[in-house]
Amino acid sequence: MTSARDQGPSPAELLGLAVSAAREAADLVARGREGAGEHVGTKSSPVDVVTAVDAASEELLVGRLLAARPDDGVLGEEGAAREGSSGVRWIVDPIDGTVNFLYDVPAYGVSVAAEVHGTVRAGVVLNVATGELFTATDGGGARLAAPGRPERRLRAGRPPSLEQTLVATGFGYRAEQRRAQGRVVAELLPRVRDIRRFGSAALDLCAVAAGRVDAYYELGLNPWDHAAGALVAAEAGAVVTGLRGTPVGQPMVIAAAPSVAGPFADLVAELHP
Ligand code: LIP
């Protein structure tokens, strides 16, 4: 008989630690917002920016998570990479929507996912600018706690058709990639209700979960961009897949309300031959 202790941490325990660490990191990010432009570097292109606050946020997240669970692994956008021995790996984006953070566009978040033996079991996305806290556990549903409002269970939308589907998407940082992605949007736009580009994959996926958009797709994301948000969307009833049934994020992420998930995934596949 395996005892509860032997089974490892519950999704709820992992979520509690993720929320606590994310809240502390969000406070640090919020304090750094005014001086965000003072220490800015670039990564894959001149518009792929990273600030000192990104690095500080990741350092805080990793420190808090490993102080509580020293045998866990970690993967972070700003370089955190550690093999663990517990079977738990934390996948963190210290600021998802860094350009929004730099411009003070209120759509940038701290994203923390807990992966257990390769499956994400708990996830949190905290919008630093609005204080909206999106959480989910595997099989436990998805919730939104917003300042001054009662916590609510999240359910994806029910658009009646592809033509009435509001779609979010995002673009990479390299010019050639953006040219190709722009051509895809040009073909997609006449066939759906409209397009939204919020600038944070994690918050895009949470928008699907909250029914604020009906579908989302993006090519070329990294695991830290989508690990937590994909669980939130799936636990809100959205269909979350890759292209033509390939694993999520390899290299496409698609999340859609069930009422249009099939036609939407087919349309995305048609536009990415
Ligand atoms: C961002 C993603 C967004 C994508 C941007 C960028 P970052 O992540 O969340 O969806 O379109 O190009 O990759 O760089 O702000 O952490």
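## Where the ligand sits

A molecule sits in a pocket if more than half of its atoms lie within 2 Å of the pocket's grid points. In this predicted model, the ligand sits in the largest pocket.

## Who surrounds it

Let's look at the neighbours. There are 15 residues around the ligand, and D96, G97, F171, A201 and E218 come nearest. By residue class, the shell holds four nonpolar, five polar and six charged residues.

Both domains take part: domain 1 (4-153) and domain 2 (162-271) each supply at least three residues to the shell. Among the elements, strand 5 (residues 88-96) gives the most, with three residues.

Two more residues are worth a look if you are checking contacts. A polar backbone atom of G97 is 2.8 Å from an oxygen atom of the ligand. For Y173, an N or O atom in the side chain is 2.8 Å from a ligand oxygen.

## Backbone details to check

Away from the contact list, here are two backbone features. The peptide bond from Q250 to P251 is cis, with omega near 0°; P251 lies in the loop between strand 14 (239-241) and strand 15 (252-256).

D104 is not a glycine, yet has a positive phi of about 60°. You will find D104 in the loop that runs between helix 3 (98-103) and strand 6 (109-116).

Terms used
Residues numbered from 1 in each chain as written. Predicted model: local features only at pLDDT ≥ 70, side-chain atom pairs only at ≥ 80, totals over all residues. Heavy atoms only, no water. Near = heavy atom within 4 Å. Polar contact = N/O pair within 3.5 Å; in protein donor to acceptor, adjacent residues only side chain to side chain. 1 Å grid on protein atoms, 1.4 Å probe; cavity = no way out; pocket = protein on both sides within 12 Å on 5 of 7 lines; lining within 4 Å. Helix = DSSP H or I, 4+ residues; strand = E, 2+ residues; numbered from the N terminus. Nonpolar A, V, L, I, M, F, W, Y, C, P; charged D, E, K, R; others polar. Domains from an automatic or database assignment.
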